[in-house]
Amino acid sequence: MTGNLYVIACGAGPAADVGQLAALAMGEGWDVYVGATPAGWGFLDVDQLSDLTGHTPRCDYSGRTSGWPQADGIIVAAATLNTIGKLAGAIADNWALSTITESMGHGVLIVIAANVNPALARHPRFRQNVADLRSWGVTVLWDPEPVPPTWMAPWPVILNAMTAATIG
Ligand SMILES: Cc1cc2nc3c(=O)[nH]c(=O)nc-3n(C[C@H](O)[C@H](O)[C@H](O)COP(=O)(O)O)c2cc1C
């Protein structure tokens, strides 16, 4: 697949390793742009990701234009309880959320890889949010019975979900 892939990290541990996903995606031909929520930003090695992808990561609206081309796909990983809830609730109070929400409206392919521990995931609203997002055409990777201590799908599985979405 060739195209522009936004990888958007939230405030969860695996966000620190999002470069692994970027490298895998680049190996499959994607041009990768890494972004983050404000809480996700602190997990990123911005210099390393900048060198790897050739694009400066971002987490805000700096500049009058984004400087990024339109996304063909967006992967949100590691997606928090918070960001999943806001996406389902149309709350766009940061750059990442408004970018993802607007892209949903444009029909951009979205894959959300949840990293939500089982206790948090027992909240009924979380389960409804996952169901709602799926019903709106968003791919949500979330295992209701994960094997501790990992709560998120492996990076290759996440990328495969995007590849599958592009095929339809
Ligand atoms: C070290 C650390 C790890 C965290 N891991 C998770 C996590 O795995 N899943 C989650 O939903 N929240 C996690 N949180 C809490 C979120 O960062 C917090 O809810 C934050 O408001 C999420 O913001 P965001 O959704 O805008 O990224 C973690 C927080 C810290 C400090």
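This is a predicted model: local features need pLDDT of at least 70, side-chain atom pairs count only at pLDDT 80 or more; totals for chains, interfaces and linings use all residues.

The entries below follow the order in which I looked things up.

**Entry 1. Secondary structure.** I counted eight helices and five strands in the chain. Reading along the sequence, I wrote down the pattern β-α-β-α-α-β-α-α-β-α-α-β-α.

**Entry 2. Overall dimensions.** I took the extents of the C-alpha trace along its principal axes, and they are about 40 × 35 × 30 Å. I then asked what radius of gyration a compact globule of 168 residues would have. The rule gives a value near 15 Å, and the chain has 15 Å, so the two agree.

**Entry 3. Burial and contacts.** I found that 39% of the 168 residues are buried. I also looked at contacts with a separation of 6 or more, and 76% of these join residues 24 or more positions apart.

**Entry 4. Helix α7, its length.** I selected α7, which runs over residues 124–135 and has 12 residues. From its first C-alpha to its last it reaches 17 Å, close to the 16 Å expected at 1.5 Å a residue.

Entry 5. Which residues of α7 are buried? I listed N129, V130 and L133. These three lie on the same side of α7, because they cover an arc of only 100° around the axis. For the face turned away from that buried side, I recorded the exposed residues P124, Q128, A131 and S135.

**Entry 6. Helix α7, its surroundings.** I next asked what the buried residues of α7 pack against.

**Entry 7. The ligand shell.** How many residues are around the ligand? I found 14, of which C10, G11, A12, T37 and T80 come nearest. Two elements give two or more residues to this shell, namely α2 (38–41) and α4. The greatest share comes from α4, with three residues.

**Entry 8. Classes in the shell.** I sorted the shell around the ligand by residue class. It has six nonpolar and eight polar residues, and I found no charged residues in it.

Technical notes. Residues are numbered from 1 along each chain as its sequence is written. Helices (H or I, at least four residues) and strands (E, at least two) are DSSP runs, numbered from the N terminus. The expected span of a helix is 1.5 Å times one less than its number of residues. A residue is buried if 20 or more other C-beta atoms lie within 10 Å of its own, exposed if 12 or fewer, and partly exposed in between; C-beta atoms are placed from the backbone. The arc is that of the directions from the helix axis to the C-beta atoms. Two residues are in contact if their C-beta atoms, placed from the backbone, lie within 7 Å. A residue is near a molecule or strand if its C-beta atom, placed from the backbone, lies within 6 Å of it. Ala, Val, Leu, Ile, Met, Phe, Trp, Tyr, Cys and Pro count as nonpolar, Asp, Glu, Lys and Arg as charged, and the others, Gly among them, as polar. The radius of gyration is taken over C-alpha atoms; the globule rule is 2.2 Å times the number of residues to the power 0.38.
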